[in-house]
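Subject: Handover of a structure and the findings from it

Dear colleague,

Please find below the structure that I am handing over to you.

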Amino acid sequence: KYGNELHQSGIGINTKAGESKILEMPTILYDEITKEALETGKNLHICILARIKDTYWDSPLITIDSLKKIIDKKSQSKKIVQKNLTIINDNDISTNNVPVLVRNMTSNTANYDIVVLPDKNSTTSVFDKIEVSMQLSNPILNAWKAGGMKGSNLSYSTANPQVIRLLNTDSKLNNLKLTGSQVDDVLFTCRVLANTAVTQNDTLRFHVAQADENGNYVGGEAFEVRITPRPAMAPTASYKIDNGNYTLTAGNVHENAKYEWYDASNNLVGHGNNISLPIEKFGQYKLRVISNKDGAVSYANI
């Protein structure tokens, strides 16, 4: 949705050539922007656009058409800035698929990266507390394949590279070869890691940026994940041999949950709290348990 102008304000500061100053301008959002999200506890997504102008109070409220033009120009202008923020509440898993646009800002085919960045105020690694994954749309997956499927600090199945787990605040998806003016979604999902108990409320922040082939950031999203206390979900995985098969069994889960089993190549091999595998399929396996209540995840290896 496109919104409208919140307010205009004079800067009221003087700077000499070459100097810089930080101006804070508190913004009160309209009730209708936040009311539904606050009442339902669902995720809240806000984009705020600001621009510096040479004249004061010289224009009416911004129209949708003029707003689109400003957004198109922001990557080429030093007078326009945009901040995007998504707030995720861990108690509403139904809306925990956040779409982020990936966009070619030019009319020609161009390469872009998706880059994860830490928040400057974070004191611990947020990826020790949450699992962050992204699901590429088919066009974005094809753009990544066209660029050689390069990246770092990623985990995905070769059989299904569309869903990618980000492993750290320096994860990168490199060389997305986007056609001229191409725009498509990437869905981000954040889940609490529950192998140990969460004992207090916490707010975790990280950033995802789109960078062009020169390393310039041309877009991005700030994520704020609010987690609340919950007991640990510490599954175990065991096996037995029966009639020439391995039977893998999950245990020590005391809440309603879904079960996924993965092989050493991160390929999904079965669902359910127990599965059967041929005896020749020996090796390392990983159990992933997803809570039905809040979407929290936990792991065990066998």
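Does Phe-127 count as buried or exposed? Phe-127 counts as buried at 6% relative accessibility, where buried means under 20% relative accessible area, exposed over 50% and partly exposed in between, with a 1.4 Å probe and protein chains only.

Before going further, please note that this is a predicted model, in which local features need pLDDT of at least 70 and side-chain atom pairs count only at pLDDT 80 or more, while totals for chains, interfaces and linings use all residues. Residues are numbered from 1 along each chain as its sequence is written, and side-chain values use heavy atoms, with hydrogens and water left out.

Aromatic residues

Rings of Phe, Tyr and Trp (its six-membered ring) pair if their centres lie within 6.5 Å; planes under 30 degrees apart count as stacked, over 60 as edge-to-face and the rest as tilted. By this rule there are 5 aromatic pairs. One of them joins Phe-127 and Phe-206, whose ring centres are 5.5 Å apart with planes at 80 degrees, so this pair is edge-to-face. Phe-127 lies in the loop between β4 (110-118) and β5 (130-136) and Phe-206 in strand β11, so the pair ties together parts that are 79 residues apart in sequence. Strands (E, at least two residues) and helices (H or I, at least four) are DSSP runs, numbered from the N terminus. Phe-206 is buried, with a relative accessible area of 0%. One aromatic cluster is formed by Phe-127, Phe-188, Phe-206 and Phe-223.

Strands around β12

Two strands pair if DSSP finds at least two bridges between them. Strand β11 (residues 202-212) runs antiparallel to β12 and is joined to it by 10 bridges. Here Phe-206 stands opposite Phe-223 in β12. The two strands form a hairpin with 4 residues between them, and Gly-215 in the turn has a positive phi of about 85 degrees.

Strand β12 (residues 217-227) also runs parallel to β2, with 5 bridges joining them. Asn-89 has Arg-226 as its bridge partner in β12. Thr-86 is placed in strand β2 (residues 80-89) and is buried, with a relative accessible area of 1%. The side chain of Thr-86 makes a polar contact with the side chain of Glu-221 at 2.7 Å; such a contact is a pair of N or O atoms within 3.5 Å, and within protein one must be able to donate a hydrogen and the other to accept it, while residues adjacent in sequence count only if both atoms are side-chain atoms.

Yours sincerely
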